[in-house]
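I opened my notebook for this entry.

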Number of protein chains: 2
Amino acid sequence: MRVLVVEDDAKIASFVVKGLRQEGFAVDHAPDGDTGLALATSTAYDTAIVDIMLPQLDGISLVKRLRAARCPVPVLFLSAKSSVDDRIKGLQAGGDDYLTKPFAFSELAARVQALIRRANQSPEATRLTAGDVTLDLVTREVTCAGRAVSLQPREFTLLAFLLRHVGRPVSKTMLLEHVWDYSFDPQTNVVDVVVSRLRAKIDPDHTRLETVRGVGYIFRPHA
Amino acid sequence: MRVLVVEDDAKIASFVVKGLRQEGFAVDHAPDGDTGLALATSTAYDTAIVDIMLPQLDGISLVKRLRAARCPVPVLFLSAKSSVDDRIKGLQAGGDDYLTKPFAFSELAARVQALIRRANQSPEATRLTAGDVTLDLVTREVTCAGRAVSLQPREFTLLAFLLRHVGRPVSKTMLLEHVWDYSFDPQTNVVDVVVSRLRAKIDPDHTRLETVRGVGYIFRPHA
DNA sequence: TATTATTCATGCGTGTGCTCGTGGTCGAAG
DNA sequence: CTTCGACCACGAGCACACGCATGAATAATA
């Protein structure tokens, strides 16, 4: 488990880094926001602990940039201020948790564990899977039965939506709304066409992506 | 278990927050609607306790916005008024429960527990069962005596209606109205035909779906 | 402009729902 | 007990809407 600590206060940083290493984590330390951003974008961390008050690039902006760069690492903010306002700003910027200084190390360790657990349990973060089909929202890679498949944007979005609703039928109206952003019925067969093309690529014999007449489609994972 | 308390009255808020913490909940507090909305949309709470009378953004509007943002957190409303009207408004806005001030803390704790329990087991809401026949309205799966049965749309709607009226006879007129959306008698035997097909699939020996001559049909669960 | 992605338009195949008609069942009256 | 009429069951067949696939046209992107 790799953890990144972005903290400028040397005492706190060393206290946190040592403690986490004793817990068995591989820990990297960045003393300022720019270094933190560089490390976070170049390495796959399981969690980042980010101080809000930082030289050069503050913690909130750092995380905003991470999210803009599609980096899904769970972030725990550290802050001297405990105001609800700050907390909200942090969470809105894309943070996952918030801890106020001073804090007990055991508290920090517990939250880091929780973040990692949550991230591992929610494939929602980046990777969707159903049976032998996988789809990575970040790298946009799709595999089916082990081999890579290249999808067009619409096909990709459609498959992602289907994978989020595995085992339950999705209506054409739902698809038009969430894959096409139409709030009305365009009176055409766009959906049918893209479904047809998607099938040709990942399900030629219609065993995964079944049609439910009069209702819509349903994605069933291949045993 | 994380709980959000949105309450502007400091005394009540502290009373509730302390009590819930003693019960082992992780509690966050928002003193007004805007703050509550921000917290609720950025953190995954297991329950939200929301006062109706709030500064800035009132409780009802708050919950409406939450629902519009597809935030499914169970909501318990608090209110000084106990009128049926208010209660209805609350539930219509997407609330799950309603408590009138003043209330005993034990009462509140019990309801919060109930809400969390209900939310965790909720998928049952979409499933109709009678004897050895089950029907899932969401996945559209139907089983009879353990094995899966595939139904056509009309048959599915018909069975769903029958399961909602288990043990009491339903007339053909009722069926035409609720399964076919006819408000008149089409002078044909559509109902008979579809009933016949349904029987062939889930009740070949007429022991579950009996006919009541001159009246209609009645579904009796298999012991 | 060249290239890719998306949408439109068309014809075909088929599942679905409906009607029809026959034969069966029930119940009340003779 | 028999007869008769009304009601019901269900197989067969038809028509239509729905879904599918494909190529052409348009739009977006480089």
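How many bridges join strand β8 of chain A to β9(A)? I looked up the pairing and found 3. Strand β8 covers residues 142-144, and the two strands run antiparallel. I keep in mind that this is a predicted model.

I then checked one pair of residues. A:Val142 stands opposite A:Val149 in β9(A).

Next I looked up the whole sheet. It is open and has 4 strands, in the order β6-β7-β8-β9 of chain A, with antiparallel pairing. I noted β6 (127-130) and β9 (147-149) of chain A as the edge strands, each pairing on one side only. On average, neighbouring strands are turned by 20° against each other, direction ignored. Helix α6 of chain A, residues 153-164, packs on this sheet. The helix touches β6, β7 (133-136) and β8 of chain A. I noted an angle of about 115° between its direction and that of β7(A).

Then I turned to DNA strand C. There are 22 residues around it, and A:Arg154, B:Gln152, B:Arg154, B:Thr188 and B:Arg197 come nearest. I sorted the residues of this surface into 10 nonpolar, 6 polar and 6 charged. Helices α6 and α8 of chain A, and α6 and α8 of chain B, each supply at least two of the residues.

Which part of DNA strand C lies within 4 Å of the protein: sugar or phosphate, or bases? I found 67% of those atoms in sugar or phosphate, and the rest in bases.

Last, I listed side-chain contacts by N or O atom. A:Thr188 is 3.1 Å from a phosphate oxygen of DNA strand C. A:Arg197 is 3.1 Å from a base oxygen of DNA strand C. For B:Asn189 I also noted a base oxygen of DNA strand C, at 3.1 Å.

Terms used. Residues numbered from 1 in each chain as written. Chains lettered and ligands numbered in written order. Predicted model: local features only at pLDDT ≥ 70, side-chain atom pairs only at ≥ 80, totals over all residues. Heavy atoms only, no water. Pairing = 2+ DSSP bridges. Axes fitted to C-alpha atoms, helices over the stretch in contact; angles between N-to-C directions. Contact = heavy atoms within 4.5 Å. Near = heavy atom within 4 Å. Polar contact = N/O pair within 3.5 Å; in protein donor to acceptor, adjacent residues only side chain to side chain. Nonpolar A, V, L, I, M, F, W, Y, C, P; charged D, E, K, R; others polar.
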